[in-house]
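Please look over the sequence and the structure before reading on.

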Amino acid sequence: MEGTLQERSEEVLILDADPSAIEKVTLSIKRQIPTATVTAVNTIDEYQSRVAKEQFDVVILDFALSGRQGLDLIHELKLWDHEPTVLVVSPSPEPRLVSDAYNAGCHRYLMREGHWVDELGPAVR
């Protein structure tokens, strides 16, 4: 299928408090990876409950919601046997936070501006 990533099943977890962002992210991922299963949560408690029970291939964290606590969430993912790809979405390009996110194990840091949603599919590769 033209315009899609390689056909494979991906389990994706999104932590974002904005329902419209969740909808955009879900549609973008499903368009680029049709076999993906997308789970969305909007609180840190829900996120931690899901991560404790399920394995995800990709985790997308909204740093506007989790802020510096998001660094702890990334560190916690490293404690599990199955380490997912971690994508961080943030409204702020604060250099220290970007650096800390990568040092914690983030695979991609995306600014929530312009066509950021379109960058998610390629970032999942």
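## Helices α2 and α4

How do the axes of α2 and helix α4 lie, and at what angle do they cross? In this predicted model, local features need pLDDT of at least 70, side-chain atom pairs count only at pLDDT 80 or more, and totals for chains, interfaces and linings use all residues. Residues are numbered from 1 along each chain as its sequence is written, and side-chain values use heavy atoms, leaving out hydrogens and water.

The axes of α2 and α4 (residues 69-77) come within 12 Å and cross at roughly 5°. That makes α2 roughly parallel to α4, a term used for angles under 35 degrees. In their contact (heavy atoms within 4.5 Å), Ile44, Tyr47, Gln48 and Val51 of α2 meet Gln69, Leu73, Glu76 and Leu77 of α4.

## The two faces of α2

Within α2 (residues 44-53), Ile44, Tyr47 and Val51 are buried, meaning under 20% relative accessible area with a 1.4 Å probe, protein chains only. Seen down the axis of α2, these buried residues fall within an arc of 55°, so they line one face of the helix. The face turned away from this buried side carries Asp45 and Lys53, both exposed (over 50% relative accessible area).

## The sheet

An open sheet is formed by 5 strands in the order β2-β1-β3-β4-β5, with parallel pairing (two strands pair if DSSP finds at least two bridges between them). Because β2 (37-41) and β5 (108-111) stand at the edges with a single partner strand each, one side of each is left without a neighbour in the sheet.

Notes:
Helix = DSSP H or I, 4+ residues; strand = E, 2+ residues; numbered from the N terminus. Arc of directions from axis to C-beta. Axes fitted to C-alpha atoms, helices over the stretch in contact; angles between N-to-C directions. Parallel < 35°, antiparallel > 145°, perpendicular 65-115°, else oblique.
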